[in-house]
Amino acid sequence: MKKITILFFLLTLFYSAFAQSGATLSGIITNSANQPVIGATISLLNTNYSTTSDKTGAYSFSRIPEGKYILHVTSVAFAAISREVSLTSRNQKLDLQLTETSKRLDEVVVTANKREEEVQKVPISVTTLSASQVRDYKVWNLKDITAISPNLYSASPGDNRNVTGIRGIVTTSYDPAVTTYIDGVSQFSLDTYIPQLFDVERVEVLRVPQGTLYGRNAMGGVINVITKQPTNQLGGFAELNFGNYGQQRYSIGLSGALIKNKLFFGIAGLYNGFNGYYTNLFNNTKLDKQHAFLGNYFLKYLATDKLSVTLNVKNYANRNNGPFALSGTPGDALAEPFRVNQNATTTMIDNIFNASLAANYTGHDFNFSSISTYQENYRYYTKPIDGDFSSLDAVSVINNYGPAFNKVKVGTQEFKFSSPASASDWKWTTGVYGFYRYAPTKTGNHFGEDAAAVGSPITDFASINTKIERNYGGAVYEQIFYSIDKQGSNTVVLRWDN
């Protein structure tokens, strides 16, 4: 019994020493008038250390492993700043002054190399949009960045799935050449792709092939979307927008801490709709009238200063009266712009569900992250959709065969190890990635009374095609970065895909 008591006492002393080891960093955030900035977000990049300034502008971190870090500070109406700090076991103090955005540009942080770093140190072409730019430019949909990012073109054929190309690399298949990531989660294909933007912290456009780090569908580049993260402060937003063609857009959100410094939540919703641009002369209605709802639900648990677990769920419900505003011939399109003549009218039902569970560990010797995702899309037309894009009863397409078909399901898993945030000259990232996709499709082509116009000698029959796809794959990747000096560095990236 005596030995057990002594052992317990020694373990208690060890744990206490370990828990209290490390550096302490504190300071005060002020503005140019030396007044405290309340609610500024202060974080150490590539770690779970993040906090907000209190009513006196003060902030503090404790038990930080020794080493060099980048401290990043953001606040509404002020330009973001970054500072390099070298922490030892002693208490250190760092006061910072913020400048209004009207007088200074943001010091931008990006995740182009799958780690947070200052954009000036990233050796690739990157275009970034801050939260204020997304708001001021009215970037509501990812295709809106066409007018902002060089060498990028993005458009939707009408079904709210953007086809994007960078520097001429583009594909019209459902496996895009430019992949989109939202909070580190790949939008696997155009089936499970969510184009709407709101409550965004920043958008990054990587305008070079990124297949080695990001894998499939990144031959043209990558679009990274980072949403705003909740803090200890309870906050929210609400926005109403109206425009011509019956445009309506309403968004609302609330976020904060359920348990201070431990459990954070976020919930946001978006409704978007408009009456359409194209008139269907067949029945004198708007062909592309549509509306959609997007919900985003976020829960983050900070188990320790080193370990966090995040659950993110999104549901997207899109309704469209007939997405493809196509004419039978180029001559018809030019003769009557924004007018079509289609006899088969329908409503597109498009439901997307995306969920991800991420665990992040930031240690003294290495960082580790795990991202597990499930994505699902069920899309069909309530009635047959026009296949000949004319007033003829020639060809119509049927795909409403129940939820057993035309419902795509995708699961992905990624494990990533990387050098710790305190690493300086040598930095490395290694990871494994796997996916499984199940896609049962059933489509019928119905040939009506005017089938002869498309070369069919038989009328009033349907040709039905059924296909079951099961795709899976895996990859291993490695990146090594070595800083020669302040002016130069070398980077080597390798990837094996199957």
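These notebook entries record what I looked up in the predicted model.

**Conventions.** I number residues from 1 along each chain as its sequence is written, and I use heavy atoms for side-chain values, leaving out hydrogens and water. Because the model is predicted, I require pLDDT of at least 70 for local features and 80 or more for side-chain atom pairs, while totals for chains, interfaces and linings use all residues.

**Entry: aromatic pairs.** I paired rings of Phe, Tyr and Trp (its six-membered ring) if their centres lie within 6.5 Å, with planes under 30 degrees apart counted as stacked, over 60 as edge-to-face and the rest as tilted. I examined phenylalanine 242 and tyrosine 250: their ring centres are 5.7 Å apart and their planes stand at 65°, so I record the pair as edge-to-face. For accessibility I call a residue buried under 20% relative accessible area, exposed over 50% and partly exposed in between (1.4 Å probe, protein chains only). Phenylalanine 242 is exposed because its relative accessible area is 60%, whereas tyrosine 250, at 26%, is partly exposed. I also noted one aromatic cluster formed by Tyr361, Phe366, Phe368, Phe415 and Phe417.

**Entry: charges over rings.** My criterion places NZ of Lys or CZ of Arg within 6 Å of the ring centre and within 35 degrees of the ring normal. I found arginine 115 over the face of phenylalanine 481, at 5.4 Å from the ring centre. Arginine 216 lies over the face of phenylalanine 435, at 4.8 Å from the ring centre.

**Entry: an open sheet.** I took strands as DSSP runs (E, at least two residues), numbered from the N terminus, and counted two strands as paired if DSSP finds at least two bridges between them. Four strands in the order S3-S2-S5-S6 form an open sheet with antiparallel pairing. Its edge strands, S3 (50-52) and S6 (78-87), each pair on one side only. Strand S2 (residues 41-44) is joined to strand S5 (residues 67-75) by four bridges. Across this pairing I see leucine 44 opposite leucine 71 in S5.

**Entry: histidine 72.** I located histidine 72 in strand S5. The residue is buried because its relative accessible area is 11%. Its side chain reaches the backbone oxygen of isoleucine 81 at 3.2 Å. I then listed contacts (heavy atoms within 4.5 Å). Leaving aside neighbours within four places in sequence, histidine 72 touches Thr41, Ile42, Ser43, Leu45, Ala80, Ile81, Ser82, Glu107 and Val109.

Notes. A polar contact is a pair of N or O atoms within 3.5 Å; within protein, one must be able to donate a hydrogen and the other to accept it, and residues adjacent in sequence count only if both atoms are side-chain atoms.
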